[in-house]
Amino acid sequence: SAIMLTGEWGTGKSHYIKYELIPFLKVHGNHDCILVSLYGLSCVNDISKSIYLEARINVLKPKTEIGNAGTLILGIELGVSDSAWQQLYQSINLSGKLIILEDIERTQINLMELMGYVNNLVEQDGVKVLLVANEEEILSYEPEMTETSNEESLDIFDEKPKKKDKVYTLETLEYLKTKEKTISDTIV
């Protein structure tokens, strides 16, 4: 199953991944990593496109003229159909790679659909996946309500009603249930 790294915005998650984790895995584990931001993506096909482009750009060595030209060419969508993109995506070998999906909380993709996509990557394709998010931004709660008992309402000196504990929305409960099956560990 996948692993999730979570923390508040600005705590250095992306910095750690780019400048510590990926270099360490390349040197000590000879692992290739594909880093994709989900910020602004609206469907899981967009994730596959981004994974394909990142995998191909890494092969082209972006520091070279050919790599820079390849980045420019691959970055321009030339009216390729979704089925053609899917064939391109399936042409890359993801075994032994770590796919890092950042900005989970900033995606427009339905979280249940995203979790299904991640589960498929892990179980069907045998890919290692690291999800990076500010999970507090994903979790949502029912509007805060207050509760008073009959006795309290009779006491005119007690002006502060008791607050109920926060209650997750149904969407959040569904996310947490799916997360439990898809993500084996959450690192805070």
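These legends describe close-up views of a predicted model.

The model is predicted, so local features are taken only at pLDDT of at least 70 and side-chain atom pairs only at pLDDT 80 or more, while totals for chains, interfaces and linings use all residues. Residues are numbered from 1 along each chain as its sequence is written, and side-chain values use heavy atoms, with hydrogens and water left out.

Figure 1. The protein has 7 helices and 7 strands; helices (H or I, at least four residues) and strands (E, at least two) are DSSP runs numbered from the N terminus. Their order from the N terminus is β-α-β-α-α-α-β-α-β-β-α-β-α-β. Of its 188 residues, 36% count as buried (buried is under 20% relative accessible area, exposed is over 50% and partly exposed lies in between, with a 1.4 Å probe and protein chains only). Of the contacts between residues at least 6 apart in sequence, 77% join residues at least 24 apart; a contact means heavy atoms within 4.5 Å.

**Figure 2. Packing of helix 5 against helix 7.** Helix 5 (residues 111-123) and helix 7 (residues 170-182) pack at an angle of about 5 degrees, and their axes are 10 Å apart. Axes are lines fitted to C-alpha atoms, for helices over the stretch in contact, and angles run from 0 to 180 degrees between N-to-C directions. Helix 5 and helix 7 are therefore roughly parallel (under 35 degrees; over 145 is roughly antiparallel, 65 to 115 roughly perpendicular and the rest oblique). Helix 5 contributes L111, M112, M115, V118 and N119 to the contact, and helix 7 contributes E174, Y175, T178, K179, K181 and T182. By class, this contact of helix 5 with helix 7 has 5 nonpolar, 3 polar and 3 charged residues; Ala, Val, Leu, Ile, Met, Phe, Trp, Tyr, Cys and Pro count as nonpolar, Asp, Glu, Lys and Arg as charged, and the others, Gly among them, as polar.

Figure 3. Rings of Phe, Tyr and Trp (its six-membered ring) pair if their centres lie within 6.5 Å, and planes under 30 degrees apart count as stacked, over 60 as edge-to-face and the rest as tilted. The count by this rule is 1 aromatic pair. Y141 and Y168 form a stacked pair, 5.2 Å centre to centre with 20 degrees between the planes. Y141 lies in the loop between strand 4 (128-133) and strand 5 (146-147) and Y168 in the loop between strand 6 (162-163) and helix 7, so the pair ties together parts 27 residues apart in sequence. Y141 is partly exposed at 29% relative accessible area, and Y168 is partly exposed at 30%. The charged end of K166 sits over the ring of Y141, 4.9 Å from its centre (NZ of Lys or CZ of Arg within 6 Å of the ring centre and within 35 degrees of the ring normal).

Figure 4. L38 lies in the loop between strand 2 (32-37) and helix 2 (44-60) and is buried, with a relative accessible area of 0%. The C-alpha atoms of L38 and I104 are separated by 6.1 Å, although the residues are 66 apart along the chain. Beyond its neighbours within four places in sequence, L38 contacts I47, L101, E102, D103, I104, R106, T107 and L114. D103 is in the loop between strand 3 (97-102) and helix 5 and is buried at 17%. Phi of D103, a residue other than glycine, is positive, near 60 degrees.

**Figure 5. Surroundings of N134.** N134 lies in the loop between strand 4 and strand 5 and counts as buried at 4% relative accessibility. N134 and E8 are 126 residues apart in sequence and 5.2 Å apart in space, C-alpha to C-alpha. Leaving aside neighbours within four places in sequence, N134 is in contact with T6, G7, E8, W9 and E105.
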